[in-house]
Amino acid sequence: MRLRAMPMLTLALLLGPVLAGLVGTLAPAFGILPVIGRVEPGVDAFRALLAWPGLPGAVWLSMVTGLGATVISLVIVMLLVACWSGTRSFAAFRRALSPLLSVPHAAAAFGLAFLVAPSGLVVRLLSPWATGWTQPPDLLIVQDPAGLSLMAGLVVKEVPFLLLMTLAALGQADAVRAETVARSLGHDRPAAWLKAVFPRVYAQIRLPVLVVLAFSMTVVDVALILGPNTPPTLAVQVVRWMNAPDLAMRLQAAAAATLQLALVVAALGLWCLGERVVAWLGRAWIWSGARRAGGAITAALSLALAGSAALTVLAGLGVLAIWSFAGFWRFPSPWPDAMTLGNWVRHWPGVAEALGTTIGISALSTFLALVLAIGCLEAEHRHALRLRARGQWLLYLPLLAPQVAFLPGVQTWMLMLGVKGGVGAVVAAHVIFVFPYVFLSLGDPFRAWDARQATIAHSLGAGPDRVLWAVRLPMLLAPLLTAAAVGFAVSVGQYLPTLLIGGGRVQTVTTEAVALAAGGDRRAIAVWAIVQTGLALLPFALAVGLPRLVWCNRRGLLHG
Amino acid sequence: MDEPGLILQDLRVTLSGKPMLRLSAHVAPGQVVSVMGPSGAGKSTLLGAVMGTLSPPFAVSGRILLDGRDLAALPVEARQIGILFQDPLLFPHLSVGSNLAFGLPRALRGAARRAAVEKALADVGLNGFASRDPATLSGGQKLRVALMRTLLAAPCALLLDEPFSSLDADRRAQIRSLVFERARAAGLPVLMVTHDPADAQAAGGLVIKLD
Amino acid sequence: MLKRMIATLAMVPALAWAEPDPADWNAVLKEARGQTVYWNAWGGSTTTNDFIAWVGQRVTEEFGVTLEHVKLSNTGDAVSRVLAEKQAGQDSGGAIDLIWINGPNFAAMKEADLLFGPFAEQLPNWALVDVEGKPVRADFTVPTDGMESPWATAQVVFMYDTADMEPLEDMDALLGWAKDNPGRFTYPQPPDFLGTTFLKQALYGVLDDTAPLLVPVEQADYDAVTAPLWDFLDQLTPHLWRQGRAYPQTGPRQIQLLADDEISLAISFSPGEASTAIAKHQLPDTVRTFVPGGGSIANASFVAIPYNASAKTGAMVVADFLLSPQVQARALDPAHLGYGTVLDVAALPEAERALFNEVDLGIATLSPEALGPALPEPHPSWMTRIEADWIDRYGVTR
């Protein structure tokens, strides 16, 4: 039966390019790059890499910002859920979640930079009346050498992501009852949650947390905007060396990409070690019988942190919106000297063209990912296949492997096999990154669907296909659309895959925006970032609105 | 060999080789056989085996015959066995009428199809409910719709999986007699799993105890 | 848009044509009609993007050539791409048809035989080029050999805010001013080409004998020649914006700092850039430009065609069009681009000369006379070496 082969086929489609790409990167790292006449294996590239004086700093930065952003995001989310789940403030976060999630990383980073830079909105609002500054202070806030602003930029985007994953996990952890029992035994809210619910929830969100870690360590666009440059993070340096005019630098870039891969593996290992330490400490804490975890203070703190993360993104978008209409805007005016439609008029033709391409690519890759995901899940259902823990890891591999480490290798392979880089190839590449998110988003509701519905439909004479099309999928319309929206937003945000696999010929809103970021025309950046955000946000609005429209007469489907 | 009714001949179910259930029974048309036993005794496993919804690591041996047909090789949808669960499980995205029409033979078209649905509703006192959203029905109403949905598909046997346990005491008796009455009228062999002795008593047929 | 996607998907692999001959220009024009030229050009400046979009419109109207601007964040991307294609044996039907290039990127591609040509000096409009007066036959001292075609000239100027300061005479004055006004000056971080240009300009400013810069670095006493530069930078760095612990990544980002009043002084490689930015509300109208007393570095921007380009004739048509007086005059206009011309304006026919004379150079643009002497770019090997040294010394904060 063809459906039975679906999971294997999907894994091959996802992992084939990743593994091939890694090989294509490892070869030049060890000195093999035939086009410049290097065919002798060797470790010269690593020697050159070690001689780079920025290496310790870059490695340190990657580790610290990656681990730091992950720990901070996780702590904020866990405390927020521990203290506030089920309350009205929490419901507000829930509602803000989809918009926050869909804001592309680059747009959020720009927003943050426009807010907190010495000439940013915050200082403008306080100057000169409170600060006495008539010129921006010479303070190193954005792109600080310690990577604090980079970490902040990552945290504001990872908090919504982890919160979403946690919400999904809560349902399966029987959280409400477990917490009630623990509170009835005398624990305050955070203590009850942390002791009774956290271990189960964490087991569910562990892989997403590791994805956040790997992503934070290797992200390029956010690090370009908010990260330091003396030296930059290792991932940024890899891209710099890859772009160096001296072709021999490709070897060093490949060596650095290999090191980056090793660093990610090491950080993941370190994290797992940390998990054990935390588990041990946690067991000791539970055994000790302590029933307080700072109740009100923890609650206030977590709300403040999560609230500022959300507000930062939203305020950042606000500043971007203002900049997109700004004429000249002198310091320290809190408002532009003049407002103009000129920026939009000027950039609209380019925006419109890129919009069309982006929508086409994202819609197609999301559709393909959905087909694969439904195929896998349905095969799982019909043939009682189970994705074991190992399978889950494989699914996450494209998200865990640093893009800078395998995409250049994929590009080389594609060319060797004579595959044209074009829209088709870009769609295929996007599916690799879109599928895991679609699958994860759809998997739980798909599996949670009451299989007795299928038994009943079968007993009424319906074959498997009719059950899928006439019962299961319509009932799962809302999660299907949510998965599609997630997939679409992920696809819209892809930078490196579009650039490298498209051979630079495929221009999406994101590649255009990041290319502009190299410039620094704030008005142009603002226009593109707003468009990018709107494009990612629209499907979420549809995902919320469509089921309400379609099922307006079906109360049984609207509770969600 | 084509004795009417549902016959379980030395039915055995194992889970990863471990025996779960062993049973022989004959349910004649119009008769209700009750299966009782504590949780974990294999009641749902039995229903799964008869429906054909068990998949590895479950293994089923022995024979299941329905009106002389061996069901072993047939998928769920070809077995012609109706089932009522504890929850009515009406399809929430379809109207009451569409739920009823879901299992109607395709040969029934147009006005005849609509008439069959209307008649089924009238039979259980739900005239004019065809366009209703199932979510707006009471528990008893839902169960009645579920029953008629099952019967409209013209099954050759009926399985009941604790179908009355979600109802309060006085409604339970009423619905129970409705179900038995309808099944008997249609001449269906009925296999009922329950933990309520009152159900088994009302059924009046053979009681099999699992342990 | 959908149509375009389908067209791209359906694109048939380019057949291996015989190499086009620019000497037979009519044949070139004929073959070019209907071609799509992918011009890989730095996309970090909306001003240049708009200009390229205009060129695209015009070549479609006049020659039936479709121009797609592939916006790069770094020209090295294009070099890498061609390299990867060669590595994969894709010797025709490549993804890139035209590259905006100069300096080390050109030297690297020429060295690795990644370029098509020679074609530049057979283009019809080459006759109008000021071969004597403009640096169009050598790119950072590397002979172009017709492998790239010039389309604009550039010369270093400094943009300064008249609200904060007066023009500075030389590098000593700059150092003194920076000490008095800490945090008010910075330059793009090398290896950004503009940042490296500042280093070279500074090198010219601190050297008495600049002759060694014009030969490969291996033939000079590198340490001795550059010692005054490092001495100058050691003194300057603590007084830079953010004490030199961070630098703007690109020229436009540096301009944004000037607009935000974070700095008062910035380097530019385009005499008209300040005027253009003022016209587009990107700089306050108090900004003006100056050049240091000893003159400033000048070079030319070129376009080159990869050896495996899919649309070589179309690319040549674009390259030739870029040399036409109408394009050159528009490029000169700060309202559009503000780039210097490569043509010998004085030798043009009256009507075309008028196109240039009509251009309003803008309030912040120096007249050609006031721009002062043009200094040649040092040999690219200097750039590479100084860049690497800078990164070692200042690129990593200790």
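**Close-up views of a predicted three-chain model**

**View 1. Chains B and C do not touch each other.** In this predicted model, the nearest C-alpha atoms of chain B and chain C are 34 Å apart. Two pairs of chains do touch, and the pair with the most contacts is chains A and C.

**View 2. The contact between chain A and chain C draws on 54 residues of chain A and 59 residues of chain C.** On the side of chain A, the elements that give two or more residues are helix 15 (342-382), helix 17 (403-416), helix 18 (423-448), helix 23 (509-519) and helix 24 (522-550). Helix 23 of chain A gives the most to this side, with six residues. Sorted by class, the side of chain A that touches chain C holds 23 nonpolar, 22 polar and nine charged residues.

**View 3. The contact between chain B and chain A takes 22 residues from each of these two chains.** On the side of chain B, the largest share comes from strand 6 (residues 81-84) of chain B, which supplies three residues. The residues of chain B on this side comprise 13 nonpolar, six polar and three charged ones.

**View 4. Chain C is assigned two domains.** Domain 1 of chain C covers 14-151 + 300-357, and domain 2 of chain C covers 157-298 + 372-394. Taken over C-alpha atoms, the centres of domain 1 and domain 2 of chain C are 28 Å apart. Where these domains meet, 16 residues come from domain 1 of chain C and 18 residues from domain 2 of chain C. The side of domain 1 of chain C that touches domain 2 of chain C has nine nonpolar and seven polar residues, and no charged residues.

**View 5. The largest nonpolar core has 370 residues.** The residues with the most contacts inside this core are Ala373(A), Val438(A) and Val318(C). Helix 18 of chain A provides the largest share of the core, 16 residues. From chain C, domain 1 (14-151 + 300-357) and domain 2 (157-298 + 372-394) each contribute at least three residues to this core.

**View 6. Surroundings of Val438(A), one of the residues with the most contacts inside the largest nonpolar core.**

Conventions
Residues numbered from 1 in each chain as written. Chains lettered and ligands numbered in written order. Predicted model: local features only at pLDDT ≥ 70, side-chain atom pairs only at ≥ 80, totals over all residues. Contact = placed C-beta atoms within 7 Å. Helix = DSSP H or I, 4+ residues; strand = E, 2+ residues; numbered from the N terminus. Nonpolar A, V, L, I, M, F, W, Y, C, P; charged D, E, K, R; others polar. Domains from an automatic or database assignment. Core = buried A, V, L, I, M, F, W, Y, C linked by C-beta atoms within 7 Å. Buried ≥ 20, exposed ≤ 12 C-beta atoms within 10 Å, placed from the backbone.
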